[in-house]
Amino acid sequence: MRGFTGESVAAAALAGGAQVMSRSLKYHRPRSAFCLEGHCGGCLMRIEGIPNRRACQTPCHAGLRAESQNAFPSAELDVLGAVDFVFARGLDHHTLMTGSAIMNLMANRVVRQLSGLGTLPAVAASELPQVGEHHVDVAVIGGGAAGLCAARATAAAGARTLLIDDQLAFGGSLRADPRHGAPAADKAHAQAQAAGVTFLPRTTAIGYFPEDAGGVLVAASETQLHRVVAREWIWATGGYPVLLPVADNDRPSVLALRAAGRLLEEHGILAGGVICVLTHPRMREDAEATAAALRDAGAEVTVIPAAEAQAVLGRRGVRGVRLGDGRRVDCDTVLMASVPSPATEGARQQGCDVVLDETGGGFCLVVDEHGRTTVPHVWGCGDVCGYRGPGAAAAHGQAVGEHVARALASELSKAVP
Ligand code: FES
């Protein structure tokens, strides 16, 4: 397959016409990239002999080897997909053939062979990763619109600021929104860089350990671990695109709205020729903005309220959407404009309160008007506090960053006699 150096394996595969990238681990249902942000698992592949790597977060290079896993002979043509037909009403392996101990043992052996995720790496790791130590004034977790602006504000005020981001490029949802796009993301990154922010790119914050040296955040890149200690913490982790509750919403060619925006804005790839966008009422404006950009690029696009949709039609791809009133809308791609679900895991590990947003999206971080969470020295900004979109998230990040800088300055002035 052809790809550009540095673009994601998933983007190259989609541009090359790959329809199915993986199979679900139990029923072997066909799956493909949904989010293109590293958060859904639809693109898991065996890459360079290592299982379960996210193709959307792995950059291409010449000669890279990417294989499907957990499928025979391939994800495109998986004969194990028969399980989905045979057990169309579901399979509870806990009660499979429990009438006989021997039959149950055999059934469990077979189930274990047929399901799961990949096989062990071709080469076992023989060395422990290096560990980097970072002692900073401010640690910002998340390099999207809010995180970049917050980090720029604290660094500009003289605070030693470290920004951790897990994506292939900084900018988060700015890169996926046609109203902003990659140039706006690159500009925000360059401004943060100019202000003196230190970056840990392609690095995931994996856990906060309060018992370790007064509180340590551990982050991991492909080759290194990092221990981060900070005076102030800012969570700017945004939100995850999620599926809308429609039957067969897991089909290949069902993508998050942001994934289609990212493909178009960042890679110049049209997600489909005839596209149906299902939208949550709160996401109507975002859906229309992306639909307009897709139309400009040559696609035929229909936007439908998600509440009207009943099922996605098709199997290895999409053929249409069935509506609740019995009508059918033909299309080759479905985009889901759901309210992103706030990524609050890390902040919750630090003890921060969350609250259910009754209008959609899930549980958001509780913050006051300055971005303070319920835990001292821990702040939140942007979509992790409830979806607001990249433009408003940037403004929120800037405002919260300025408050953090002021709080830090007053804390430091108290410490100096
Ligand atoms: S994790 Fe790669 S597409 Fe979602």
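This is a predicted model: local features need pLDDT of at least 70, side-chain atom pairs count only at pLDDT 80 or more; totals for chains, interfaces and linings use all residues.
## Domain layout

Between them the two domains bury about 640 Å², of which 36% is on carbon and sulfur atoms. On the side of domain 1, the residues that lose the most area to domain 2 are Glu37, His39 and Gln57, which together account for 63% of what that side buries.

## Helix H4 against helix H9

Helix H4 (residues 145–156) packs against helix H9 (residues 390–415) at an angle of about 30°, and their axes are 7 Å apart. Because angles under 35 degrees count as roughly parallel, H4 and H9 are described as roughly parallel to each other. The crossing of this pair, H4 and H9, is right-handed.

From H4, the residues that meet H9 are Ala145, Ala146, Cys149, Ala150, Arg152, Ala153 and Thr154. On the H9 side, the partners are Pro390, Ala393, Ala394, Gly397, Gln398, Gly401, Glu402, Val404 and Ala405. Sorted by class, the contact of H4 with H9 consists of 10 nonpolar, four polar and two charged residues.

## Helix H4 against helix H5

H4 also has a contact with helix H5 (residues 181–195), where the axes come within 8 Å and cross at roughly 20°. H4 and H5 are therefore roughly parallel to each other, and their crossing is left-handed.

In this contact, Leu148, Arg152, Ala155 and Ala156 of H4 meet Ala185, Ala188, His189, Gln191, Ala192 and Ala195 of H5. By class, the contact of H4 with H5 has seven nonpolar, two polar and one charged residues.

## The surroundings of Gly362

Gly362 is located in strand S22, which spans residues 362–365. When residues up to four places away in sequence are not counted, Gly362 touches Val355, Leu356 and Asp357. Gly362 and Ala343 are 19 residues apart along the chain, and their C-alpha atoms are separated by 9.7 Å.

Terms used:
Residues are numbered from 1 along each chain as its sequence is written. Side-chain values use heavy atoms; hydrogens and water are left out. Axes are lines fitted to C-alpha atoms, for helices over the stretch in contact, and angles run from 0 to 180 degrees between N-to-C directions. Helices (H or I, at least four residues) and strands (E, at least two) are DSSP runs, numbered from the N terminus. Angles under 35 degrees count as roughly parallel, over 145 as roughly antiparallel, 65 to 115 as roughly perpendicular and the rest as oblique. A crossing is left-handed if the near helix is turned anticlockwise from the far one by less than a right angle, and right-handed if clockwise. Contact means heavy atoms within 4.5 Å. Ala, Val, Leu, Ile, Met, Phe, Trp, Tyr, Cys and Pro count as nonpolar, Asp, Glu, Lys and Arg as charged, and the others, Gly among them, as polar. Buried area is the accessible area (1.4 Å probe) that two parts lose on being put together, summed over both.
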